[in-house]
Amino acid sequence: MGTVHAKESMMSGNMNETSNENNPSASFRKNKNLFDTTKEKHIDLHSLKVRVDRIHIDGLMRTKDDIIQSQVTELFKAQDFYDVILRASKVREKLGTLGCFKNIGIYIDTSQGPDATPEGVEVTFSVREMRRLTGEISTMIGNNEGSVVIQAKAPNLFGRGERLQMEYSYGSKSSTNIRVSVVKPFVNSWLHTVLTGSVFNSSNRFPWSGFNQHDKGFLLDLAFNPDGAGILKHNLQYEAAYREIASSKQTSFRVREQCGPNLKSALRHICSIDKRDSLIFPTSGSLVQFSTEVAGLGGDIGFVKNELTVQTNWTPHECLTFQLGLQSGLLRGVNNEMKINIADQFFLGGPLNLRGFEMRGCGPRDDGYSIGGDAYWAAALHLYTPLPFRPGRNGFGDLFKLHGFINGGNVSNFTFKFDNNYKDNMKIFTENVRCSAGGGIAMKLGDIARVELNFIMPLLFLRSDVLQQFQFGIGLQYL
């Protein structure tokens, strides 16, 4: 959130501005000079009735007027000074999501000029547009793998938030990814729609299953955010990919018989409702995410795949936070002519998944290689506490948490029958269930990634499972 200044005088040159008239249309000009004198007063901002007469935008160069006007007009609905500050902050966030500006400042001044009203104020947004071409080298963490990412962007191509971006990443486990994307936001839509088209070329190694995967394809993503706050999100996607599955002669025959080229053409819908107060260490709120993927619109791969993720958090005491997570999935073929490849199966196990088991360490195996299943469930109950004696409180120490947990789940190939006989369907919850308990320390990195170091005691497992009592995990998603 930027700094908000209450001012009593302001001198300005040419400036983009929007006026609060009967027809609140926007006319925009440029501004370069801004001087202010600030006086602090202890007053009740709710009792100070004001009216926004004008909105100035200082610093526009390439950005078009219409997308700015649609983002700032809600400021004219403010009734008091506190409301002006609150709405101005929200407008600043909306301007930031356009991807057009590097810095956005907010200034509030009493209204000036012959048409000023007695209670009138003027709000100025001082913006600095992004360069025509930007680039960066960074690191990314996910799936227990670190990657170096080289990225180049051409933001705000045509003045309405469009951008072209190219990304190359190389992982510590020899995975590579090249992606070129074109992004077009529809800022005037009440659905807050963003359309993204990408072409990609990626390579990944899966030694636990004995194969390497190389994908080339195209992804079209249409994202909706109806509430405008990021709580409710929908993604409609179409993916077409040419996939090469390769293995060595020592790999299991069940894996080798699925190797070779295949073509996947799929539609996918992802819906999520996220009311958590934090992504990594939430203390309250819940997450519900459901995805459905239908493959078989072309190519030789055909299936219907459903996945559900649920997480809820509650804090009975400031030093105790409970977290309950649940994940499940079901994979079904569409007909006998189209197949399901090992790359589409479900797998369980890992330091941020079903803890106490190696990556893909539980479930169906053949000659020591994990071959996955078509149905799974996993659940985890966590208890988080701060570090003993709270070192670095309200600072570096808040990045760490002690946590104890118990998690369990199952993955296999089950025959589900959608009739009144549910006995066979319940086998996934009663037969060959895995379970483990443990504790350790967790750390958040930039509120997007999570690091865990744990000691785990497996409680229920099969002889074919691969166990781990000490685990170090790092990634973006976790159970």
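This is a predicted model: local features need pLDDT of at least 70, side-chain atom pairs count only at pLDDT 80 or more; totals for chains, interfaces and linings use all residues.
Asp-66 has a relative accessibility of 33% and counts as partly exposed. Asp-66 forms a salt bridge with Arg-160, and the closest N and O atoms of the two lie 3.1 Å apart. This pair links distant parts of the chain. Asp-66 sits in helix 1 (residues 65-72), whereas Arg-160 sits in the loop between strand 9 (145-154) and strand 10 (163-171). The two positions are 94 residues apart. Arg-160 is also partly exposed, at 31% relative accessibility.

The chain as a whole gives the setting. The protein chain holds four helices and 25 strands. It has 479 residues, of which 42% are buried. Among contacts with a separation of 6 or more, 60% join residues 24 or more positions apart. The accessible surface comes to about 24800 Å². Carbon and sulfur atoms account for 57% of that surface.

Salt bridges were searched for across the whole structure, and 17 were found. One of them joins Glu-74 and Lys-94, with the closest N and O atoms 3.3 Å apart. Here too, distant parts of the chain are linked. Glu-74 belongs to the loop between helix 1 and helix 2 (81-97), and Lys-94 belongs to helix 2. The separation is 20 residues. Lys-94 is partly exposed, with a relative accessible area of 26%.

A further salt bridge pairs Glu-239 with Arg-268, with a distance of 2.6 Å between the closest N and O atoms. Glu-239 lies in strand 14 (residues 232-246) and Arg-268 in strand 15 (residues 260-274), so this bridge ties together parts 29 residues apart in sequence. Both partners are under the 20% cut-off for burial. Glu-239 has a relative accessible area of 14% and is therefore buried. Arg-268 has 16% and is likewise buried. The bridge is part of a network of salt bridges. Its members are Glu-239, Arg-243, Lys-264, Arg-268, Glu-293 and Asp-344.

Aromatic rings were examined next. The count is seven aromatic pairs. Phe-206 and Phe-211 are buried. Another pair consists of Phe-281 and Tyr-384. Its ring centres lie 5.9 Å apart with the planes at 55°, so this pair is tilted as well. Phe-281 is in the loop between strand 15 and strand 16, and Tyr-384 is in strand 21 (residues 375-385). They are 103 residues apart, and the pair links distant parts of the chain. Phe-281 is buried, at a relative accessible area of 10%. Tyr-384 is buried too, at 5% relative accessibility.

Charged side chains also sit over aromatic rings. The charged end of Arg-355 is placed over the ring of Phe-405, 5.4 Å from the ring centre. Arg-360 lies over the face of Phe-347, at 3.7 Å from the centre of the ring.

The loop between strand 15 and strand 16 (285-299) also holds Leu-279. Leu-279 is partly exposed, with a relative accessible area of 43%. Beyond its neighbours within four places in sequence, Leu-279 is in contact with Asp-274, Asp-447 and Tyr-478. The C-alpha atoms of Leu-279 and Leu-476 are 9.3 Å apart, although the two residues are separated by 197 positions in sequence.

Nonpolar side chains tend to be buried together in soluble globular proteins. The largest nonpolar core of this model contains 28 residues. Ile-68, Phe-101 and Phe-125 touch the most other members. Two or more residues each come from strand 5 (51-58), helix 1, helix 2, strand 6 (101-110) and strand 7 (120-129). Helix 2 gives the largest share, six residues. Phe-101 is in contact with Leu-60, Thr-63, Ile-68, Leu-95, Val-127, Arg-128, Glu-129 and Met-130, leaving aside neighbours within four places in sequence. Another core, of 15 residues, lies apart from the largest one. Its members include Leu-331, Phe-346, Leu-348 and Cys-362.

Key. Residues are numbered from 1 along each chain as its sequence is written. Side-chain values use heavy atoms; hydrogens and water are left out. A salt bridge is a side-chain nitrogen of Lys or Arg within 4 Å of a carboxyl oxygen of Asp or Glu. Buried means under 20% relative accessible area, exposed over 50%, partly exposed in between (1.4 Å probe, protein chains only). Contact means heavy atoms within 4.5 Å. Rings of Phe, Tyr and Trp (its six-membered ring) pair if their centres lie within 6.5 Å; planes under 30 degrees apart count as stacked, over 60 as edge-to-face and the rest as tilted. A charge sits over a ring if NZ of Lys or CZ of Arg is within 6 Å of the ring centre and within 35 degrees of the ring normal. A nonpolar core is a set of buried Ala, Val, Leu, Ile, Met, Phe, Trp, Tyr and Cys residues joined through side-chain atoms within 4.5 Å. Accessible areas come from the Shrake-Rupley method with a 1.4 Å probe; for residues, only the protein chains shown count as cover.
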